[in-house]
Amino acid sequence: MSKKGGKQTEKGRKVHVPCKRAKVEASCPSSPMNYDSPDSVFESLIFPIEQEKFFREYWEQKPLLIQRDDPSVAAYYQSLFQFMDLKELSSQGLYYGRDVNICRCVNGKKKVLNKDGKVNYMQLKRDFDQKKATIQFHQPQRFKDELWRIQEKLECYFGSLVGSNVYITPPGAQGLPPHYDDVEVFILQLEGEKHWRLYKPTVHLAREYNVESEDRIGNPIHEFILKPGDLLYFPRGTIHQADTPPGGSYSTHVTISTYQNNSWGDFLLDAIPGLVFDTAKEDVDLRTSIPRQLLMQVDIADSTRRLSSFLRSLADRLENTKELRSSDMKKDFIMNRLPPFLGNSSDPLAPGGKLPKLDSKIRLRFKDHAIITVEPDQENSDELCKEMVYVYHSLKNRRERHMMGNEDDDTCEEGISETHGLRFPLPHMDALKQIWRGATVAVKELSLKSDAEKENLVLSLWAECLIEVI
């Protein structure tokens with residue numbers, strides 16, 4: 001699964017924090033981003049457009065171009081990633097394919113010019129200068145703190161993974177042919193200028209990447225030049241191509257993308273199995289056998305009518321269901337997203353403050369980084385497998401693996417990414433909801449039978465850094 005702006009100068013005053021892993025952070029101008037909340041970060045990104053107007057008029061509907069003439073915003077954008085960063089990053093151990101792609105658009109097709117093994121900066125620079133190749137750098141938030149900070153907050157805002165790629169293209173060159181993507185895209189122009197052409201979608205809200213031929217896409221519906229500090233948004237499915245104008249400087253831009261495989265269709269695929277499983281416990285019709293040799297038949301019209309009847313019954317049940325089990329999408333998001341941005345703290349996240357006791361008042365920490373699900377007990381292999389409450393969180397996720405897929409060093413034996421969290425008996429659900437829903441909660445008022453259960457619950461959450469005593 002491939003997974004990821006214009007800002008209001010007076011909204012934020014935080015200064016960029018150096019990244020330990022790759023010492024490539026130059027002195028950064030004051031950030032025009034407002035980091036008070038995920039909402040305020042997104043507002044900063046699309047300023048001066050208001051959120052309500054953006055989602056009413058642009059989101060999934062049409063492109064938005066925000067052109068700014070603000071030197072402070074342009075300077076901030078440039079600090080997010082610069083061509084010169086590649087020299088130091090290459091010394092950290094970058095690899096072709098995994099971290100960097102070298103490509104050109106040749107006769108309407110993408111030509112990849114990658115070498116084997118580790119990236120050598122001098123070779124990279126030669127390919128850039130002599131072959132007019134575009135450098136695509138994958139997931140720079142692994143190295144650049146300010147992008148980590150922005151994308152972590154955007155993941156909280158959207159409730160969806162947010163990835164990014166940097167594209168550096170020499171003057172008079174184009175890296176990619178006309179194509180469309182399966183993600184919502186925000187383009188931030190960092191260095192130089194880029195000439196963009198956007199075309200009417202052939203597949204609205206596309207679910208996959210695809211290259212389109214020039215003779216099929218017609219004339220562009222939008223054509224413009226992006227300059228440093230400018231932002232461009234377009235919905236998934238929007239056909240686009242971009243080139244760096246000749247005679248000037250190279251262009252650097254970052255794409256921040258989200259909402260891949262995050263549609264109602266995906267949610268139905270995730271939620272319906274649990275609904276069918278729960279309904280079949282109570283509805284004997286769903287437990288009756290399918291007709292003999294049904295799987296071998298060509299004409300199954302009679303069976304489709306029966307299935308339609310079942311689906312109508314499920315729809316009726318769904319309207320009266322308060323709880324909808326959707327654990328796979330939740331888990332995929334929480335397991336693969338960025339950990340919280342903790343500023344210049346070099347220490348791993350650890351429990352802080354006083355130990356919670358029965359007479360304590362507590363509040364949830366990192367609410368945007370934790371989810372609650374109900375699932376079969378993963379530690380019980382008995383036939384009568386009971387359900388348990390699982391609390392998963394992303395506090396211990398590895399920033400350096402964000403959006404990079406599964407590799408041997410962070411997967412379990414079954415090839416599934418490691419999850420971090422806790423499990424509790426099903427009767428603990430109401431108490432957990434109290435903690436999640438309330439600004440503060442008195443431990444003694446938790447909906448559990450005994451004081452010991454209340455203390456054990458909050459102690460477990462405290463040890464996992466999910467709550468604090470106030």
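Q: Hi! Which residues does F54 touch, leaving out those up to four places away in sequence?
A: Hi! In this predicted model, F54 touches F42, I46, I49, W59, L64, F186 and Y233, with residues up to four places away in sequence not counted.

Q: And which residues have the most contacts inside the largest nonpolar core?
A: Those are F54, F186 and L188, and the core they belong to has 48 residues.

Q: Which helix gives the largest share of this core?
A: That would be helix α6, which covers residues 145-158 and supplies 5 residues of the core.

Q: Let's zoom out. How many helices and strands does the protein have?
A: You can find 13 helices and 19 strands in the protein.

Q: How much of it is buried?
A: The protein has 470 residues, and 49% of them count as buried.

Q: What about the accessible surface, how big is that?
A: The accessible surface is about 24000 Å², and carbon and sulfur atoms account for 49% of that area.

Q: Which residues form a nonpolar patch on the surface?
A: I290, L295 and M296 do, and together they have about 410 Å² of accessible area.

Q: Where is I290 found?
A: Look in the loop between α9 (284-287) and α10 (301-319), and you will find I290 there.

Q: New topic: salt bridges. How many does the structure hold?
A: There are 22 salt bridges in the structure. In general, side chains of opposite charge can pair when their charged atoms come close.

Q: Can you walk me through one? What do the side chains of E184 and R236 do?
A: They meet in a salt bridge, at 2.5 Å from N to O. The pair links distant parts of the chain, 52 residues apart: E184 is in strand β7 (residues 184-191), while R236 is in the loop between β11 (231-234) and β12 (239-243).

Q: Are E184 and R236 buried or exposed?
A: Both E184 and R236 are buried.

Q: Which residues are linked with them in a network of salt bridges?
A: E60 joins E184 and R236 in that network.

Q: Nice. What does K331 pair with?
A: K331 forms a salt bridge with E375, and their closest N and O atoms are 3.5 Å apart. This pair also links distant parts of the chain, with K331 in helix α11 (residues 327-336) and E375 in strand β15 (residues 370-376), 44 residues apart.

Q: Why does K331 count as buried?
A: K331 has a relative accessible area of 17%, and buried means under 20%.

Q: What about R363 and E468, how do their side chains meet?
A: The side chains of R363 and E468 meet in a salt bridge of 2.8 Å, N to O. R363 lies in strand β14 (residues 361-364) and E468 in strand β19 (residues 467-469), so this pair ties together parts that are 105 residues apart in sequence.

Q: How accessible is R363?
A: R363 has 38% relative accessibility, so this residue counts as partly exposed. E468 counts as partly exposed as well, at 24%.

Q: Last one: where does R337 lie?
A: R337 lies in the loop between α11 and β14. At 1% relative accessibility, R337 counts as buried. Among the residues touched by R337 are E152, E155, D368 and H402.

Technical notes
Residues numbered from 1 in each chain as written. Predicted model: local features only at pLDDT ≥ 70, side-chain atom pairs only at ≥ 80, totals over all residues. Heavy atoms only, no water. Salt bridge = Lys/Arg side-chain N within 4 Å of Asp/Glu carboxyl O. Helix = DSSP H or I, 4+ residues; strand = E, 2+ residues; numbered from the N terminus. Buried < 20%, exposed > 50% of the residue type's maximum accessible area, 1.4 Å probe, protein only. Core = buried A, V, L, I, M, F, W, Y, C linked by side-chain atoms within 4.5 Å. Contact = heavy atoms within 4.5 Å. Patch = residues over 30% accessible without salt bridge, like charges linked within 9 Å, V, L, I, M, F, W, Y side chains within 5 Å. Areas by Shrake-Rupley, 256 points an atom, 1.4 Å probe, with all protein chains shown as cover.
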